[in-house]
2 protein chains.
Amino acid sequence: MPSGATICDSVATGKERRVLLQELTAKGVRLTAQRRTIVEVIQEADEHLDAASLLEAARKREPSIDRATVYRTIELLKKLRLVDELDLMHLHGEKHYYEVKTRQDHIHLACFQCGRIEEYVSPLFEQLKSEIAKKTGFDVRVTRLEVGGRCRNCSTG
Amino acid sequence: MPSGATICDSVATGKERRVLLQELTAKGVRLTAQRRTIVEVIQEADEHLDAASLLEAARKREPSIDRATVYRTIELLKKLRLVDELDLMHLHGEKHYYEVKTRQDHIHLACFQCGRIEEYVSPLFEQLKSEIAKKTGFDVRVTRLEVGGRCRNCSTG
DNA sequence: CGCCAGTTGCAACTCACTTGCTGATTTCTA
DNA sequence: TAGAAATCAGCAAGTGAGTTGCAACTGGCG
């Protein structure tokens, strides 16, 4: 975990989310009403948001917000490494999904049959990332591990 | 490795590629001149191909080939699990890249600075996939692990 | 060697995302 | 607490990757 990161939720699971507004303020990022709103929506989301859903949700609070602002804010949050971008195996077209970075990276499992997304955290994954860094000399900034297949329910029988 | 798969190259590295034409014939897929050409291009490629480059290369051999045919053939090869689709961390926009499936999945490391793509194979990754299958009951069909950061050269100094 | 399900080329279309510009806002300085 | 400088937002037009409907064509079986 980066020093100074602000987190919440259970520390045991590795799933604590960063607190975006605090981190943005700490980094001296200019806080406009639009950014506040977009960041709130992402922070409070309990499912994976694509840009269009994010825009829709943000407009409920701040109707004038534009698509371009949403994309520009997402870009900003990605660059600051406060959110992760996902494809979810392109189960529903080519759009991207966004989620607040958690302390430990997690793996996304996408079921091709029922479309459900499962999340999975593993010390083995952390170990693999360390191995990569050590063996290749790579400074690992972002990782994305997505798995496609059939979930337990859909693969029985 | 699936039974009956045809492979080539050194078996030691896990990087042997499937032989697409053979596998297509074996599966009874109708072989048109266009499909042959597209498959040859993918098979012989020594770098990651996006759809546009694939089209361009295929047209050098068979000038009438259309973009739609390339996309439809890629879709076919993906469904038959003969090729993998990559994003390469969207280093060059939103397009996708394709490569012939190898015996062992490999990890793609994308350098944000110089743009180079490194490949990495690890038993730990195979172990992680088994763990996922065992713990979640997921029938793992496709995996994609991409890492973004800075390569050894770009991170020194 | 003729048939026909499956495939192709074409052109128009969709969808996610980007960009140039102008006017508005935030934050810094005095 | 003004005013200035820098940054940001909204708008609307544009881009680029990928998709689709359709008529013509063809691989491979009978």
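Predicted model: local features only at pLDDT ≥ 70, side-chain atom pairs only at ≥ 80, totals over all residues.
Trainee: By what rotation is chain B superposed on chain A?
Mentor: Two copies of a chain are related by a rotation about an axis and a shift along it. Here the shift along the axis is 0.0 Å and the superposition leaves an RMSD of 0.0 Å. That is the relation of a two-fold axis, and the rotation that brings chain B onto chain A is 180°.

Trainee: Which residue of chain B comes closest to the rotation axis?
Mentor: The distance to the axis is taken from the C-alpha atom, and for the residue you ask about it is 2.1 Å. That residue is B:Leu145.

Trainee: How many residues of chain B are in contact with chain A, and which element of chain B gives the most to that side?
Mentor: In the contact between the chains, 30 residues of chain B meet 30 residues of chain A. On the side of chain B that touches chain A, the elements giving two or more residues are strand E4 (107-111), strand E5 (117-120), helix H5 (123-136), strand E6 (139-150) and helix H6 (152-155). By class, that side of chain B holds 13 nonpolar, eight polar and nine charged residues. With twelve residues, the element that gives the most is E6(B).

Trainee: How many bridges join strand E6 of chain A to E6(B)?
Mentor: Strands of a sheet pair through backbone hydrogen bonds, either parallel or antiparallel. Strand E6 (residues 139-150) of chain A and E6(B) run antiparallel, and one of the pairs places A:Val140 with B:Gly149 as its bridge partner. The number of bridges joining the two strands is eleven.

Trainee: In the hairpin of E4(B) and E5(B), which residue takes a positive phi?
Mentor: E4(B) and E5(B) pair in the antiparallel sense over four bridges, and B:Ile107 stands opposite B:Tyr120 in E5(B). Between the two strands of this hairpin lie five residues, and the positive phi, near 80°, belongs to B:Gly115.

Trainee: Which strands of chain A stand at the edges of its open sheet of three strands?
Mentor: The order in this sheet is E1-E3-E2, with antiparallel pairing. Each edge strand has a single partner strand, so one side of each is left without a neighbour in the sheet, and these strands are E1 (49-50) and E2 (83-86) of chain A.

Trainee: And in chain A, which residue of E3(A) does A:Glu85 stand opposite?
Mentor: E2(A) pairs with strand E3 (residues 97-100) of chain A in the antiparallel sense, over four bridges. Within E3(A), the residue opposite A:Glu85 is A:Tyr98.

Trainee: At roughly what angle do the axes of H3(A) and H4(A) cross?
Mentor: From H3(A), the residues A:Ala51, A:Leu54, A:Leu55 and A:Ala58 meet A:Arg67, A:Val70, A:Tyr71 and A:Ile74 of H4(A). By class, this contact has seven nonpolar, no polar and one charged residues. The crossing is right-handed, and the axes, which come within 10 Å, cross at roughly 115°.

Terms used. Residues numbered from 1 in each chain as written. Chains lettered and ligands numbered in written order. Least-squares fit on C-alpha atoms with pLDDT ≥ 70 in both. Axes fitted to C-alpha atoms, helices over the stretch in contact; angles between N-to-C directions. Left-handed = near helix turned anticlockwise from the far one by under 90°. Contact = placed C-beta atoms within 7 Å. Nonpolar A, V, L, I, M, F, W, Y, C, P; charged D, E, K, R; others polar. Pairing = 2+ DSSP bridges.
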